[in-house]
Amino acid sequence: DGGGGGGGGGGRGGRPGRPKKPRRTKKRIMEGAAGAKLGEAVLAYANRDYPKAIELLQEVIRLSPNNPDPYQTLGVIYEEMNNERKALDFLMIAAHLSSKDAALWYR
């Protein structure tokens, strides 16, 4: 009796209808002092305290220079302050650091 052995089912895609594991590249997580300062900076920006937000974001960049988030936030702040040149500079840096995020390139 060899028995049918039933299923195997397997292969690459897993079971149909099973959700894929989320990719961790979409959301960047900053830890430690840089993450805390980024949170403070976003709060200052939300409260329209632009000088404080800019100062904190510059510190975040010093701690984590390859993360595009502080550059993007600085770009938005300078855009709201009608400083288009600085806004464009920071948004371009953010776009270069996250070249896979097409939305930044369209700004």
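Reader: Is asparagine 82 buried or exposed?

Author: Start with the cut-offs. Buried means under 20% relative accessible area, exposed means over 50%, and partly exposed lies in between (1.4 Å probe, protein chains only). Asparagine 82 has a relative accessible area of 66%, so it is exposed. This is a predicted model, where local features need pLDDT of at least 70, side-chain atom pairs count only at pLDDT 80 or more, and totals for chains, interfaces and linings use all residues. Residues are numbered from 1 along each chain as its sequence is written, and side-chain values use heavy atoms, with hydrogens and water left out.

Reader: Where is asparagine 82 placed?

Author: Asparagine 82 sits in the loop between α3 and α4. Helices (H or I, at least four residues) and strands (E, at least two) are DSSP runs, numbered from the N terminus. Look at the backbone too. Phi of asparagine 82 is positive, near 60°, in a residue other than glycine.

Reader: Which residue in the loop between α1 and α2 can I look at next?

Author: Take arginine 48, found in that loop. Its phi is also positive, near 60°, and arginine 48 is not glycine. With a relative accessible area of 61%, arginine 48 is exposed. Now look across the chain. Arginine 48 and isoleucine 77 are 29 residues apart in sequence, yet 8.9 Å apart in space, C-alpha to C-alpha.

Reader: How many helices and strands are in the chain?

Author: There are 5 helices and 0 strands. From the N terminus on, the order is α-α-α-α-α.

Reader: How many residues of α3 are buried?

Author: α3 is mostly covered, with 10 of its 13 residues buried. Among them are Tyr71, Leu74, Ile77 and Tyr78. The buried residues of α3 pack against α1 (32-46), α2 (50-63) and α4 (84-97). For the chain, buried residues make up 28% of the 107 residues.

Reader: What caps the N-terminal end of α3?

Author: Asparagine 67 does. One of its side-chain oxygens lies 2.8 Å from the backbone nitrogen of aspartate 69. Polar contacts have a rule: a pair of N or O atoms within 3.5 Å; within protein, one must be able to donate a hydrogen and the other to accept it, and residues adjacent in sequence count only if both atoms are side-chain atoms.

Reader: How do I read the buried side of α4?

Author: An α-helix has 3.6 residues a turn, so residues three or four places apart point the same way. The buried residues of α4 are Ala87, Phe90, Leu91, Ala94 and Ala95. Seen down the axis of α4, these buried residues fall within an arc of 140°, so they line one face of the helix. The arc is that of the directions from the helix axis to the C-beta atoms. The face turned away from the buried side carries the exposed residues Arg85 and His96.

Reader: Is serine 98 buried or exposed?

Author: Serine 98 counts as buried, at 8% relative accessibility. Serine 98 is found in the loop between α4 and α5 (102-106). Its side chain reaches the backbone oxygen of alanine 94 at 2.9 Å.

Reader: Which residues have the most contacts inside the largest nonpolar core?

Author: In soluble globular proteins, nonpolar side chains tend to be buried together. A nonpolar core is a set of buried Ala, Val, Leu, Ile, Met, Phe, Trp, Tyr and Cys residues joined through side-chain atoms within 4.5 Å. The largest core here has 17 residues, and Ile54, Leu57, Tyr71, Leu74, Ile77, Tyr78 and Phe90 have the most contacts inside it. α1, α2, α3 and α4 each give two or more residues to this core. α2 gives the most, with 7 residues.

Reader: What is tyrosine 78 in contact with?

Author: Contact means heavy atoms within 4.5 Å. Leaving aside neighbours within four places in sequence, tyrosine 78 is in contact with Ile54, Asn83, Lys86, Ala87 and Phe90.
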